Amino acid sequence: MLVRARSKGWRVVVFNSRGCGNSPVTTPQFYSSSFLGDMREVVEHVATRFPKANLYAVGWSLGANILVQYLGQESHTCRLSGAVSLCNPFNGLLTDQNLRKGFNIVYDKALARARREIFKKHALLFEDMGGEYNIPLAANAKTLREFDEGLTRVSFGFKSVDDYYYNSSSSDSIEHVRIPLLCIQAANDPICPSVGIPREEIKENPNCLLIITPKGGHLGWVAGVEALRGAPWTDPVVMDYLEHLERGASKGLASCSNSVCEQQYAEPEGLLSLEVL
């Protein structure tokens, strides 16, 4: 996605959550689907550095959940001019339940393993943590839920894991989004269940557009002429959408077929310069 955007003349900023992408962690707190402080910091920094540029954001998976929550919280004061959410686990409780079913357990174990690896690199930061922290549980977590119980939900002040998942769901943020937002989901996503997609909320918000493909898994949309080189079908779609916004097109978009459904959305006017976040 970055290469495609750069080839079209866009300036690109990549925001890796704490501990991801080999980024250093200097305090005893990782990222979570509820914490928006880092997202807000990045947007403010880029907006200050490029004050005349329009900013656009694209979020994948948990990053999409964080992004949509940010859009909802910022609402009318949001400094972004448009955004795209891909494979968003809109409903934390349903996502947790889905991960513990059938073959999906494989994905759950993989996600837990990734969290453990991040934790091990920074274990010294958590040596003297008391209170409700359960460091051994997090360090040896076999599931994402165990890791969140031992560390994440305590770090961010939640009473329980379910409380954390419930209050970290971006589905409740859709109604407050006031900039153009494209949401792309796959009906067979093993991590983000289709039943959790806030279809009615998106339909009721004129700023939002929803595409649901019958297949694609979790960020696995391998299709199109560039599929053999690893470029997913969504990359050109996302770029077309952002360029459409940047051109300031006033024409809406609405169509529906068996494979793709799109909801009418409102376009902003006067988008002049560019910056991709």
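Analyst: Let's start with one side chain. Arg153 has 6% relative accessibility, so it counts as buried. Keep in mind that this is a predicted model.

User: What does Arg153 form a salt bridge with?

Analyst: Its partner is Glu132, and the closest N and O atoms are 2.7 Å apart. Glu132 sits in the loop between α5 (104-121) and α6 (135-139), while Arg153 is in helix α7 (residues 144-155).

User: Which residue does Asp38 meet in a salt bridge?

Analyst: Arg18, at 2.6 Å from N to O. Arg18 is in the loop between α1 (2-7) and α2, and Asp38 is in helix α2. They are 20 residues apart in sequence, so this pair also ties separate parts together. Asp38 is buried at 19% relative accessibility. Arg18, at 23%, counts as partly exposed.

User: What about Glu44, what is its salt bridge partner?

Analyst: Arg79, with the closest N and O atoms 2.6 Å apart. This pair links distant parts of the chain, 35 residues apart. Glu44 is in helix α2, and Arg79 is in the loop between α3 and β2. Glu44 is partly exposed at 30% relative accessible area. Arg79 is partly exposed too, at 39%.

User: What does the Ser75 side chain reach?

Analyst: The backbone oxygen of His176, at 2.9 Å. Leaving aside neighbours within four places in sequence, Ser75 is in contact with His176 and Arg178.

User: OK, strands now. Which strands are joined to β2?

Analyst: β1 and β2 run parallel and are joined by six bridges. One of the pairings is Leu55 with Leu80. β2 and β3 also run parallel, joined by four bridges. There, Ala83 has Leu181 as its bridge partner.

User: How is β2 enclosed?

Analyst: Seven of the seven residues of β2 are buried, so the strand is largely enclosed by the rest of the structure.

User: What kind of unit do β1, α3 and β2 make?

Analyst: A right-handed β-α-β unit.

User: Last topic, the core. How many residues are in the largest nonpolar one?

Analyst: 27 residues. Met39, Leu71, Leu80 and Leu181 have the most contacts inside it. Among the elements that each supply at least two residues are α2 (37-49), β1 (55-60), α3 (62-74) and β2 (80-86).

User: Why do nonpolar side chains end up together?

Analyst: In soluble globular proteins, nonpolar side chains tend to be buried together.

User: And what does Leu71 touch?

Analyst: Not counting residues up to four places away in sequence, Leu71 touches Cys78, Leu80, Ala83, His176, Val177, Ile179 and Leu181. There is also a second, separate core of 18 residues, including Val58, Leu86, Ala186 and Tyr241.

How values were computed. Residues numbered from 1 in each chain as written. Predicted model: local features only at pLDDT ≥ 70, side-chain atom pairs only at ≥ 80, totals over all residues. Heavy atoms only, no water. Core = buried A, V, L, I, M, F, W, Y, C linked by side-chain atoms within 4.5 Å. Buried < 20%, exposed > 50% of the residue type's maximum accessible area, 1.4 Å probe, protein only. Contact = heavy atoms within 4.5 Å. Polar contact = N/O pair within 3.5 Å; in protein donor to acceptor, adjacent residues only side chain to side chain. Pairing = 2+ DSSP bridges. Right-handed = clockwise from strand over helix to strand, strands pointing away. Salt bridge = Lys/Arg side-chain N within 4 Å of Asp/Glu carboxyl O.
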